Amino acid sequence: MEYNFQSDSKKSGDEFEDFVLKDLQTRGFSKIDKNIYMPGTGCEVDFIAYGERDEYVESKGGRDDGKKRPGAQRTDNVKKAIANGALIKAKYPDIYYVVYFSAKPITGSYSHEMIEVALCNKIINEVRYLKYEDPDVDNQLLLFYN
């Protein structure tokens, strides 16, 4: 059987979204909406988590299975998260925009630099990294980083 990169990436990304949802729930958010279009931006966020401070959440990641670079190690993942943040913040400057990645960028890489610029300029308010490998293993919330 031939390996289908797109199908596997979609499945892995969907699993990572479920993992992010579990993390948001453990953070105590009272209500979480999924796949919300942000009017006037051409973008949607993966989650809006309602609580003491509402969070608008984008998740970028999946399993690190050796076939592809995970999370923030892929510049296209980082660019898309930052571009969405810039468009959303242009229309809704006061929202708290959080991006989850399944892996940290390589120190000194373009992805690392882009994330630092986006954080310094408040395009992204917070970045969280969750190590994610196997959807059947609990307690994988190994790494958080702001």
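Trainee: Which exposed residues does the face of H3 turned away from its buried side carry?
Mentor: That face of H3 carries Tyr 110 and Cys 120, and please keep in mind throughout that this is a predicted model.

Trainee: What makes Cys 120 count as exposed?
Mentor: Exposed means over 50% relative accessible area, and because Cys 120 has 63% relative accessibility, it counts as exposed.

Trainee: Which residues of helix H3 are buried?
Mentor: In helix H3, which spans residues 110-120, the buried residues are Ser 111, Ile 115, Ala 118 and Leu 119. They cover an arc of only 100 degrees around the axis, which is why they are said to lie on the same side of H3. As a general point, an α-helix has 3.6 residues a turn, so residues three or four places apart point the same way.

Trainee: Why is Lys 60 called buried?
Mentor: Lys 60, which is found in strand E3 (residues 55-60), has a relative accessible area of 10%. Buried means under 20%, and therefore Lys 60 with its 10% is called buried.

Trainee: What makes the pairing of the Lys 60 and Glu 58 side chains a polar contact?
Mentor: The cut-off for such a pair of N or O atoms is 3.5 Å, and the side chains of Lys 60 and Glu 58 make their polar contact at 3.2 Å. Leaving aside neighbours within four places in sequence, Lys 60 is also in contact with several residues, including Phe 16, Asn 77, Tyr 100 and Phe 101.

Trainee: Is Cys 43 buried or exposed?
Mentor: Cys 43 is buried, because its relative accessible area is 5%, and the limit for that term is under 20%.

Trainee: How many disulfides are there in this model?
Mentor: A disulfide needs a pair of cysteine sulfur atoms within 2.5 Å, and by this rule the count comes to 0.

Trainee: And how many helices and strands does the chain have?
Mentor: The chain has 3 helices and 5 strands, which from the N terminus on run α-β-β-β-α-β-α-β. Of the 146 residues in the chain, 43% are buried.

Definitions and conventions. Residues are numbered from 1 along each chain as its sequence is written. This is a predicted model: local features need pLDDT of at least 70, side-chain atom pairs count only at pLDDT 80 or more; totals for chains, interfaces and linings use all residues. Side-chain values use heavy atoms; hydrogens and water are left out. Helices (H or I, at least four residues) and strands (E, at least two) are DSSP runs, numbered from the N terminus. Buried means under 20% relative accessible area, exposed over 50%, partly exposed in between (1.4 Å probe, protein chains only). The arc is that of the directions from the helix axis to the C-beta atoms. A polar contact is a pair of N or O atoms within 3.5 Å; within protein, one must be able to donate a hydrogen and the other to accept it, and residues adjacent in sequence count only if both atoms are side-chain atoms. Contact means heavy atoms within 4.5 Å.
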